[in-house]
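Subject: Structure for you to look at

Hi,

Here is the structure I promised to pass on. Have a look at it first, and my notes on pockets and charged side chains follow below.

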Amino acid sequence: MRARQEEVHGTAEATLATPVARAAWLRAFRSVAGAGILLVCAAAVGGACLALAITGGSSSLASDALVTGTGQAVAASVFVVAAALVFVILPRATILVGWGIVVAAAALALFGTIFGLPTEVVAISPFAATPVPGHDDVDPNGLWWMLPAAAAGAAASLALMRRRELAAGG
């Protein structure tokens, strides 16, 4: 979404007039978002491991925290990649659709079962598909669709960005 704001305010044009490639420019925005995601999730996992160390918790719980934190990072990456795809396909709708995807996914995860939607439909939401600690272990099943979805979306956004023209002044 920040890339769209740069485009609207005209600062992207000045940057892309230099030898910076369009795909590299978009990759930089995605990298900053990814670094933020990793920092937040690493802090959460680190806090969980610290709490386990202080309280004398089981080391298997630390691995559960790591799997859960990884799942949260991948889920957040799905949203970053979705926003990047919207930016390259429908630039004027980037902010509306980008936030709309997050709200729709949250509503689906929180209220899907209340409204009687099938489990398969609710599981489409990255919020619902993240690994959840259970009684004995963590179920990482949601990671198996989110990882390739994030990778494919990232590759597609860069490929499409190479052909996209900037909107002059938004």
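H3 provides the largest share of the lining of the second largest pocket, with 6 residues. (Helices here are DSSP runs of H or I of at least four residues, and strands are runs of E of at least two, numbered from the N terminus.) Before you read on: this is a predicted model, in which local features need pLDDT of at least 70 and side-chain atom pairs count only at pLDDT 80 or more, while totals for chains, interfaces and linings use all residues. Residues are numbered from 1 along each chain as its sequence is written, and side-chain values use heavy atoms, with hydrogens and water left out.

Back to that pocket. Its volume is about 150 Å³, and its lining includes Arg30, Ser31, Ala73, Val80 and Ala154. By class, the lining has 8 nonpolar, 3 polar and 1 charged residues. For the classes, Ala, Val, Leu, Ile, Met, Phe, Trp, Tyr, Cys and Pro count as nonpolar, Asp, Glu, Lys and Arg as charged, and the others, Gly among them, as polar. As for what a pocket is: on a 1 Å grid over the protein atoms alone, it is an open set of points where a 1.4 Å probe fits, with protein on both sides within 12 Å along at least five of seven lines, and lining residues have an atom within 4 Å of a point. Grid points are joined across faces, edges and corners, and the volume is the space filled by probe spheres set on them.

The largest pocket has a volume of about 370 Å³. Of its 17 lining residues, Met1, Ala33, Phe79, Val80 and Ala83 are the closest to the centre. H4 gives the most to this lining, 5 residues, and the classes come out as 12 nonpolar, 2 polar and 3 charged.

Arg30 is worth a click. This residue sits in helix H3 (residues 22–55) and is buried, at 18% relative accessible area. (Buried is under 20%, exposed over 50%, partly exposed in between, with a 1.4 Å probe and protein chains only.) Beyond its neighbours within four places in sequence, Arg30 is in contact with Val80, Ala84, Ala154, Ser157 and Leu158, contact being heavy atoms within 4.5 Å. Arg30 and Ala154 are 124 residues apart in sequence, yet their C-alpha atoms are 8.7 Å apart.

The whole structure has 3 salt bridges, each a side-chain nitrogen of Lys or Arg within 4 Å of a carboxyl oxygen of Asp or Glu:

- Arg2 with Glu6, at 2.9 Å, N to O. They are 4 residues apart in helix H1, so about one helical turn separates them. Arg2 is partly exposed at 47%, whereas Glu6 is buried at 18%.
- Arg4 with Glu7, at 2.8 Å between the closest N and O atoms. Both residues are buried.
- Arg164 with Glu7, at 2.8 Å, N to O. Arg164 lies in the segment after helix H8 (143–161) and Glu7 in helix H1, so this pair ties together parts 157 residues apart in sequence.

Through shared partners, Arg4, Glu7 and Arg164 form one salt-bridge network.

Cheers
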